[in-house]
Amino acid sequence: MTAETTGLASGEASHTGLDRRDLLKAGVFAGAAVTLPTLRAVGAAAPAKLAASKLPKPFTVPFVRPPDAVPVAQNATTDYYVIDQIAAKAEVIPGYRSWVYSYNGTVPGPVIHAQRNRAAVVRFRNKLPATHPTLGYESWTSVHLHGSNSLPQYDGYAGDVTRPGEYKDYHYSNEETGRFIWYHDHGMHHTAENAYHGLAGMYVVHDPAEEKAIPLPQGEFDVPLMVGEAAFQPDGNLWFSIDNQNMFPSDVIMVNGRPWPVMKVKRRKYRFRLVVATVSRSFGFTLSNGMPFQVIASDGGLLPQPEPTFVLRQCAGERYEIVIDFAEVFKGVAAGARVNLMNAPTATVNVDNPNTDKVMAFEVTDEPFDTANNSVPPVLRSFDAPLTWRTEEVAASRLWLLHRSGGLWKINNTTWDDVVNSEYEQVGATIPIGSIEMWTWKNSGGGWFHPSHAHWIDAKVISRNGRPPLPYERGVKDTLFLGQNEEIKVLVKLDAPGTWMIHCHNLIHEDHDMMTQFQVVDGAGGRGDHPINAARPRSLAFEESDPIS
């Protein structure tokens, strides 16, 4: 979805009504600790929703690919990008104009294509209005590159915010194995609203040696899919409410910013890079004709081998890559035939509405196509360090209990407010560098779903509810599908000192305040960088004197 920017002015952060303590907390004064006022999502009664009869029929809106980001400068080691956060009006529902928050005027934002071991610096400029045009909160942001081994000061820490009229440079080494990751807002207390309104984009770390050696689909046939959810008000603006603090009750499924789109495909294999960028909803991706497809990669890149499946369970924040062979799917049928990507039940707490069981459609053509890179070999990645870790090497075990207590979402009986009130010193775990640990993620609630994410980590799933993980969970993971009363055991190994967040990726839970942090210390007890001490964002007024490269 391409948004049309408007004349709504962005400006310097407004601190009207805040006392000196709030200003200190907000980092307005030099050297101050960085945190935020306690304003959260608007607590007013939920607005009315757009009538279902006004929504487009599924599979009538054309599919679009998000644009690729273009570096503004390059040198021998680094690519430099500038991405603006902009408020805009866009036609999401045909015939209506909706306020969105965008990266460079598109929802999703532009796809950043990085090369493994080649650095990238991305300058994110907050050109949003001082307050959100429909919800009224201050438009601070913090950009998290989800799935990246980002240093703490560039990790999108919830309290490390950039206010309207400011910018921050994020440095990424791209030393990870080749993988599909994504960037999205992580500003404290407004992650849900910001990401839901459009502040999300995709990022691919390409490994040239791997791509040359493995003839998977590339180029036109390598397609990023950001799957989201939405609801709309009668005036066409996005509907948002936290009345239900468990799940977000959307009624429209979005793919790359379009409701239930239809994509034309050729009779060959396609690689789809799937990220679920919802507030709360999980998916069970399946083809309407009942045919299987192959899962070839998870959060941390290629699986050891392709895993065929009929249904792929995927939660908010997770990434999987699948290959669909449209030569087989459409074998013996004429051009114009369609197969739909559906959303099967996943035994989690979703709010189902008419047509939330539908995702997008594929319509076959008889157009000619390039036959290169049109196979899936039986071995994809022969070595991945996390997959060599063994339980016999475990130095310590830890429990992350996600639960509700006293009307609050908590991890190990603490909330992010506890971290803030400790001046960001409280941690859920202190971990010696280089040690392999067993982490148990446990959801103690029968009516709750907690997609779970730890920053910085690559993890190996050992078990799900005491049984082996699902076949496509046997790759490297950083986000876990943690359903009702489920327990997942993983192995992790942290190899740099610093402080990172850990949280539920149901964004309503995260904002209210199901998040904590862990700390990795070196052999001398050094704690490394703490993101709250990161260099502060700078005013856009000074940008001319601060070239990005």
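Start by selecting β26 and strand β34 (residues 515-521): the two run parallel and are joined by four bridges. Zoom in on Thr-430, and you will find Gln-519 of β34 standing opposite. Now show the whole open sheet, five strands in the order β26-β34-β33-β28-β31 with mixed pairing. Its edge strands, each pairing on one side only, are β26 (429-432) and β31 (479-480).

A word on what you have loaded. This is a predicted model, in which local features need pLDDT of at least 70 and side-chain atom pairs count only at pLDDT 80 or more, while totals for chains, interfaces and linings use all residues. Residues are numbered from 1 along each chain as its sequence is written, and side-chain values use heavy atoms, with hydrogens and water left out.

Next, colour by pLDDT, the predictor's confidence in each residue, from 0 to 100. The chain averages 92, and 92% of the residues score at least 70. Then select residues 5-38, where the pLDDT is below 50; beyond near neighbours in sequence, this stretch has 68 contacts in the model (a contact means heavy atoms within 4.5 Å). Where pLDDT is low, the predicted coordinates should not be read in detail.

Move on to strand β12 (residues 222-230). Nine of its nine residues are buried, so the strand is largely enclosed by the rest of the structure (buried means under 20% relative accessible area, with a 1.4 Å probe and protein chains only). Which residues sit on each face of β12? On one side are Asp-222, Pro-224, Met-226, Gly-228 and Ala-230, and on the other Val-223, Leu-225, Val-227 and Glu-229.

Strand β16 (residues 269-276) runs parallel to β12, with six bridges joining them; look for Val-227 and its bridge partner Val-276. Strand β13 (residues 252-255) pairs with β12 in the antiparallel sense over four bridges, and here Glu-229 has Ile-253 as its bridge partner.

On a 1 Å grid over the protein atoms alone, a cavity is a set of points where a 1.4 Å probe fits but cannot get out; a pocket is an open set with protein on both sides within 12 Å along at least five of seven lines, and lining residues have an atom within 4 Å of a point. The largest cavity is lined by 22 residues, with Val-107, Ala-195, Tyr-196, Glu-229 and Met-254 nearest its centre. Strand β12 contributes the largest share of this lining, four residues. The volume is about 270 Å³, the space filled by probe spheres set on the points, which are joined across faces, edges and corners.

For the second largest cavity, of about 150 Å³, select Glu-210, Glu-211, Arg-271, Arg-273 and Leu-302, the closest to its centre of 18 lining residues. Strand β11 gives the most to this lining, with three residues.

Last stop: the largest pocket, with a volume of about 360 Å³. Select Asn-149, Pro-386, Trp-389, Asp-458 and Asp-495, the closest to its centre among 19 lining residues.

Technical notes: Buried < 20%, exposed > 50% of the residue type's maximum accessible area, 1.4 Å probe, protein only. Pairing = 2+ DSSP bridges.
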